[in-house]
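Me: I am new to this structure and would like to go through it step by step. May I put it up here and ask as I go?

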Amino acid sequence: MATTVGDIIRSAMRKIGVLAAGEPLPANEGDDALKVFAQMVDAWTNETLLIPVVGVVTFQLTNDISEYTIGIYPEPKPDPLPINHIETARPEKILAAFIRDQYDTDYIQEVIDVKTFSRISRKTNASRPSRFYVREGWPLNTILFESVPYSSETLHLEVIQPLSDILPAACLTEVINLPPGYERALIYNLCLDLADEWGKQPSAAIATHAVEGKKWLKRNNYRDLVLGMDRAVATQRKGIGTYIIEQGP
């Protein structure tokens with residue numbers, strides 16, 4: 001899909017009867033509708049299955065530093081930025097991670113929760129970490145490794161970032177380019193928000209198309225979950241390190 005924000009807004013306003021066919025978008029109404037569009041895009045970010053892109057973030061780790069902030073550094077930004085800061089859109093979710101050494105060998109990183117992180121008794125050991133905890137914050141998150149990296153290796157993150165990062169809404173002429181199905185979903189869902197703003201009553205067909213549009217996008221963007229288990233429960237039972245769900249290790 002390749003269109004502009006203005007095209008989406010004009011189409012939505014025609015469907016709810018604010019504009020007639022072929023009628024241009026008045027400047028003042030366009031500005032108001034643009035704000036509604038930006039608010040909708042911002043709200044969609046909370047539904048991660050509506051975000052079609054998995055981003056890749058890389059960062060050179062620093063010896064003896066185990067905590068790293070990630071996100072867009074708030075103003076006023078220091079120059080230079082802190083050496084333990086990853087400047088990128090604050091991830092909504094980290095799907096996978098690994099550390100790559102100087103020989104291009106990758107070492108998988110496990111994302112753990114706060115309880116698991118708190119049970120690590122000593123977090124100052126110098127070693128290549130294999131786990132980290134993400135402390136949620138705003139506008140920055142903090143990545144805390146289980147140990148202190150002893151080498152300047154490269155962290156690779158597969159992340160879901162805000163929808164606004166790939167769907168700009170700064171002006172009506174912004175070009176948006178998203179996979180098939182997004183134009184229809186954006187138009188019909190915007191109809192619902194604009195109808196309330198302009199005192200219109202959207203038809204039942206519009207409401208149905210809006211719900212179905214988001215449902216189809218989520219179905220297409222669904223990412224399979226992989227069953228896993230804590231490494232602590234895995235043993236070398238019979239030399240193969242297995243875990244039988246019905247019986248235990």
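Predicted model: local features only at pLDDT ≥ 70, side-chain atom pairs only at ≥ 80, totals over all residues.

Me: Where does Ile-9 lie?

Reply: Ile-9 belongs to helix 1. Helices (H or I, at least four residues) and strands (E, at least two) are DSSP runs, numbered from the N terminus.

Me: And what is Ile-9 in contact with, leaving aside its neighbours within four places in sequence?

Reply: With those neighbours left aside, Ile-9 is in contact with Leu-25, Ala-33, Leu-34, Phe-37, Leu-172, Leu-190 and Leu-194. Contact means heavy atoms within 4.5 Å. As for Phe-37, the C-alpha atoms of Ile-9 and Phe-37 are 7.7 Å apart in space, although the two are 28 residues apart in sequence.

Me: Which other residues in helix 1 are buried?

Reply: The buried residues of helix 1 are Val-5, Gly-6, Ile-8, Ile-9, Ser-11, Ala-12 and Met-13. After helix 1 comes Gly-17, with a positive phi near 85°.

Me: How do the axes of helix 1 and helix 2 cross?

Reply: The axes of helix 1 (residues 5–15) and helix 2 (residues 27–44) cross at roughly 100° and come within 10 Å. Axes are lines fitted to C-alpha atoms, for helices over the stretch in contact, and angles run from 0 to 180 degrees between N-to-C directions. Helix 1 and helix 2 are therefore roughly perpendicular to each other; angles of 65 to 115 degrees count as roughly perpendicular, under 35 as roughly parallel, over 145 as roughly antiparallel and the rest as oblique.

Me: Which residues meet there, in helix 1 and helix 2?

Reply: Helix 1 brings Val-5, Ile-8, Ile-9 and Met-13, which meet Glu-29, Ala-33, Leu-34 and Phe-37 of helix 2. By class, this contact has seven nonpolar, no polar and one charged residues. Ala, Val, Leu, Ile, Met, Phe, Trp, Tyr, Cys and Pro count as nonpolar, Asp, Glu, Lys and Arg as charged, and the others, Gly among them, as polar.

Me: In what sense do strand 3 and strand 4 pair?

Reply: Strand 3 (residues 67–71) pairs with strand 4 in the parallel sense, over three bridges. Ile-70 has Ile-86 in strand 4 as its bridge partner.

Me: What about strand 9: how many of its seven residues are buried?

Reply: Six of the seven residues in strand 9 (residues 154–160) are buried, so that the strand is mostly covered. Strand 2 and strand 9 run antiparallel and are joined by six bridges, and Phe-59 stands opposite Leu-155. Strand 5 (residues 93–100) also runs antiparallel to strand 9, with seven bridges; here Ile-94 stands opposite Val-159.

Me: Back to Phe-59. At what angle are the ring planes of Phe-59 and Tyr-68?

Reply: The planes are at 75° and the ring centres 5.9 Å apart, so the pair of Phe-59 and Tyr-68 is edge-to-face. Rings of Phe, Tyr and Trp (its six-membered ring) pair if their centres lie within 6.5 Å; planes under 30 degrees apart count as stacked, over 60 as edge-to-face and the rest as tilted. Phe-59 is buried at 17% relative accessible area, and Tyr-68 is buried at 1%. Ring pairs link Phe-59, Tyr-68, Phe-132 and Phe-145 into a cluster.

Me: Last one: where is Glu-153?

Reply: Glu-153 is in the loop between strand 8 (141–145) and strand 9. Glu-153 is buried, with a relative accessible area of 9%, and its contacts beyond four places in sequence include Phe-59, Arg-100 and Arg-128.

How values were computed: Residues numbered from 1 in each chain as written. Heavy atoms only, no water. Pairing = 2+ DSSP bridges. Buried < 20%, exposed > 50% of the residue type's maximum accessible area, 1.4 Å probe, protein only.
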